[in-house]
Amino acid sequence: MAKHRVPLVLLACGSFNPITNQHLRLFELARDHMHSTGQYQVVGGIVSPVSDGYGKQGLVLAEHRIAMARLALQSSSWVSVDEWESQQPDWTETVVTMRYHYGRILKEFERSVGTHADSRGNGTPLSGRAPRLKLLCGADFLDSFKVPGLWRDDHVEELVGDFGLVCVSRGELQPERAVHESDLLSLHRRNVFLVREWVRNETSATEVRRALRRGLSVKYLIPDPVIEYIRRHDLYTESSERKNEGTVLRPLVKQAQQPVKSLDD
Amino acid sequence: VFHGLAAWSQMNTTRVVLLACGSFNPITNMHLRMFELARDHLEDTGQYRVVKGIISPVGDGYNKKGLIEASHRLEMARLATETSDWITVDSWESLQPEWVETCKVVRHHYNELLTSEQSKDDVDTVKFAKKRRVEENSFEGSSHHRKRGDPQLMLLCGADVLESFGVPNLWKPEDIAEIVGDYGVVCITRSGSDSLKFVHQSDALWKHRKNIHLVTEWVTNEISATHVRRALRRGRSVRYLLPDSVLYYIQQHELYSSESEQKNAGVILAPLQRYTS
């Protein structure tokens, strides 16, 4: 590992309902991109499935989503699954999840170097550099900042300002435009890494669930052990898709009292 | 009554073998997906039962730029299909000393299919075997005119192959007529693509439109082998674009480099050479 590079951990938050090959690709593309900047050395990846409290339609139990992610990542040498977020009784703001993981990562780092690094991540000269944590996301994620009531302004600020984003574009979505149209994202654009995926690969978990409900093949879209698991537990059916139907997404309820950003922002 | 109905519908579904020809340089998850999509589509019509898939990598004589040795391409396809219970790899085409027209490959596999049917018949009761052999003999010389109960062989391809039918000197018109007319084509197209229009605008294809099964791929999955090779040359990850076993094989044999991409550079593609001379 190049000594002058900043060690970087990538965290992906989402439903993972179920995890797909496309999710796994995001990590690969992001790692290649961050390495090509010459500034970072990606040392780990974390998949953090959202908790059942999220209230999203068709969301199956976290224990299943965790198990599937684990099966999918069995063969990965650098990406792993973390249960913390999924085990919280209520939905957790992404920033809160990031704070938790960053705290954990820093502690681990301190233990490994045997010295104290301050919270800004500057290690002592002898110890090498403290790791950083960035959120890994798909291009559609940037658009979610525009949805009224989904994000608190101070959270977006902390997310892009303090941590940073690695955003992989897919298909015709235009992350550059999303950054351009948001003053906040533009302000922190140097902390928003846009990764271009040249292959159009639009496998979404929604499409996978749809195919499964209809009895169509999903082989080669999700790993074989995950298909096996889904079949064994009969996970995705018409009735599972009706779960949380008509339920308001938890972030919209939880943050209702907070000042909400307008769409014209 | 229901038993009878099920047997009746079994009898009235045509067994289909899907054949995919191409470079497979290397095989990717998209190639494998095409088989899954084609099978789902054909079986959904209620008319077909897909019993087998065959991957037939082209021979080295095809002269395509960057085409690595057939032995490697075959082995990668074999590794990739290890986890499938119905897709297989066949080496016949790749072992021919010269490039073989796709139409001949289709004919070869259809004859193979009929032969294996016949040997299956031989273990049937004597009465049936005898009867079928008599029928078969009467059809000698026109093997593609199927009789009831015979399996059908269809060429599986992407929209690019269908559209290549319009490229001058790449295909013989009579070959296109035979493939589409006598056998049939299953073509995987992206949603919003022009395949339907392409069939409409070609008289040769329009004539046989009932033998052309267009399958819409709603989930775009544009993993091209060209893209995979490019990423490999540049040291980028191709993980999850092709099976892990194939990736390990590539790494082990250091298969795709700038050097291998220069293979056949400037050489005219075999079909173009053959039909323009």
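In this predicted model, strand 2 (residues 40-49) of chain A runs parallel to strand 3 of chain A and is joined to it by 3 bridges; strands are DSSP runs (E, at least two residues) and helices likewise (H or I, at least four), numbered from the N terminus. Within this pairing, Gly45(A) stands opposite Val79(A) of strand 3. Both strands belong to an open sheet of 6 strands in chain A, ordered 3-2-1-4-5-6 with parallel pairing, where two strands pair if DSSP finds at least two bridges between them. Strand 3 (79-81) and strand 6 (192-196) form the edges, each pairing on one side only. From one strand to the next, the twist averages 25°.

Helix 1 of chain A packs on this sheet, its direction making about 155° with that of strand 2 of chain A; angles run from 0 to 180 degrees between N-to-C directions, with axes fitted to C-alpha atoms, for helices over the stretch in contact.

Turning to the interface, 23 residues of chain A are in contact (heavy atoms within 4.5 Å) with 21 residues of chain B. Salt bridges (a side-chain nitrogen of Lys or Arg within 4 Å of a carboxyl oxygen of Asp or Glu) between chain A and chain B number 0.

Residues are numbered from 1 along each chain as its sequence is written, and chains are lettered from A in the order in which they are written. Local features need pLDDT of at least 70, side-chain atom pairs count only at pLDDT 80 or more, and totals for chains, interfaces and linings use all residues, while side-chain values use heavy atoms, leaving out hydrogens and water.
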